[in-house]
Amino acid sequence: INVSSASAVAVQPDQKIVVTSASFGELIRLNANGTLDPTFGSGGIVSSGNGWDLALDGVGRILVLGMTTTGRGNQVSTYYSVRRFFADGASDLSFGTNGVAVTSFPNRYRLGTVRIDPFGNIVVGTSTGTTDTTTDFAVYRFNTNGAKDTSFSGDGAALIDFGGGRDIGYSAIAQWDGKIVVVGSTAI
């Protein structure tokens with residue numbers, strides 16, 4: 001397949017394989033035999049903006065974690081974002097704002113995970129910060145419609161500072177009881 005490198009993969013209940021790519025922003029679906037699925041997007045490929053992690057929700061929609069940039073010139077900020085697609089590859093424009101849910105704090109790292117917790121909430125585990133020396137672990141939670149879950153830490157975002165300057169969250173999982181575990185590194 002002539003696309004950029006894959007960054008995450010998931011297998012749907014029908015054994016079709018979904019792959020996302022950060023380099024050129026493709027979301028790809030393969031049939032169980034490894035051929036491109038022509039019923040998905042355009043010949044098996046959808047432009048997802050960018051993405052380095054993905055998750056499947058309980059009704060077959062595809063969530064892709066990537067980045068969204070806002071502003072111009074020296075006022076540019078980059079935020080983590082989650083895009084949702086239907087099983088056929090069409091963007092779910094009812095999710096978030098025009099199909100995109102955006103995290104609260106800027107970040108320039110391309111690390112993180114998107115997961116669905118046992119209650120259907122969308123959990124993003126990553127870090128936040130705009131320089132290499134001041135970062136914190138960050139966990140964001142969205143409702144199923146892409147709105148920030150304000151019942152989580154008051155504003156949908158929990159920041160964890162271990163007292164050092166550089167705390168980088170890499171990945172998160174949601175346990176059966178909804179508690180979230182984040183893993184990463186810290187420099188104290």
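**Aromatic pairs, cores and an open sheet**

Trainee: How many aromatic pairs does a search of the whole structure find?
Mentor: The structure is a predicted model. A search through the whole of it gives aromatic pairs numbering two.

Trainee: Is the pair of Trp52 and Tyr80 stacked or edge-to-face?
Mentor: The centres of the two rings are 5.8 Å apart, and the planes make an angle of 65°. Planes over 60 degrees apart count as edge-to-face. The pair of Trp52 and Tyr80 is therefore edge-to-face.

Trainee: How many residues apart in sequence are the parts that Trp52 and Tyr80 tie together?
Mentor: Trp52 belongs to the loop between strand E4 (45-47) and strand E5 (53-56), whereas Tyr80 belongs to strand E7. The pair therefore ties together parts whose separation in sequence is 28 residues.

Trainee: Is Trp52 buried or exposed?
Mentor: The relative accessibility of Trp52 is 9%. Buried means under 20%, so Trp52 counts as buried.

Trainee: Are the rings of Phe137 and Phe162 stacked or edge-to-face?
Mentor: Their centres lie 5.0 Å apart. The planes stand at 75°, so the pair is edge-to-face.

Trainee: Where in the chain are Phe137 and Phe162, and how many residues apart are they?
Mentor: Phe137 is in strand E11, and Phe162 is in the loop between E12 and strand E13 (166-174). The pair thus links distant parts of the chain, and the separation is 25 residues.

Trainee: Is Phe162 buried or partly exposed?
Mentor: Phe137 has a relative accessible area of 6% and is buried. For Phe162 the relative accessible area is 42%. Since buried means under 20% and exposed over 50%, Phe162 is partly exposed.

Trainee: Which residues have the most contacts inside the largest nonpolar core?
Mentor: This core has 16 residues. At least two of its residues come from each of strand E6 (62-70), strand E7 (77-85), strand E10 (122-128) and strand E11 (136-142). Those with the most contacts inside the core are Leu65, Val82, Val114, Val124 and Phe142.

Trainee: What are the edge strands of the open sheet?
Mentor: Four strands, in the order E9-E10-E11-E12, form an open sheet with antiparallel pairing. An edge strand of this sheet pairs on one side only. The edge strands are strand E9 (113-116) and strand E12 (157-160).

Trainee: What is the bridge partner of Arg115 in E10?
Mentor: E9 and E10 run antiparallel and are joined by four bridges. In E10, the residue bridged to Arg115 is Val123.

Technical notes:
Residues numbered from 1 in each chain as written. Predicted model: local features only at pLDDT ≥ 70, side-chain atom pairs only at ≥ 80, totals over all residues. Heavy atoms only, no water. Core = buried A, V, L, I, M, F, W, Y, C linked by side-chain atoms within 4.5 Å. Buried < 20%, exposed > 50% of the residue type's maximum accessible area, 1.4 Å probe, protein only. Pairing = 2+ DSSP bridges. Phe/Tyr/Trp six-rings, centres within 6.5 Å; stacked < 30°, edge-to-face > 60°.
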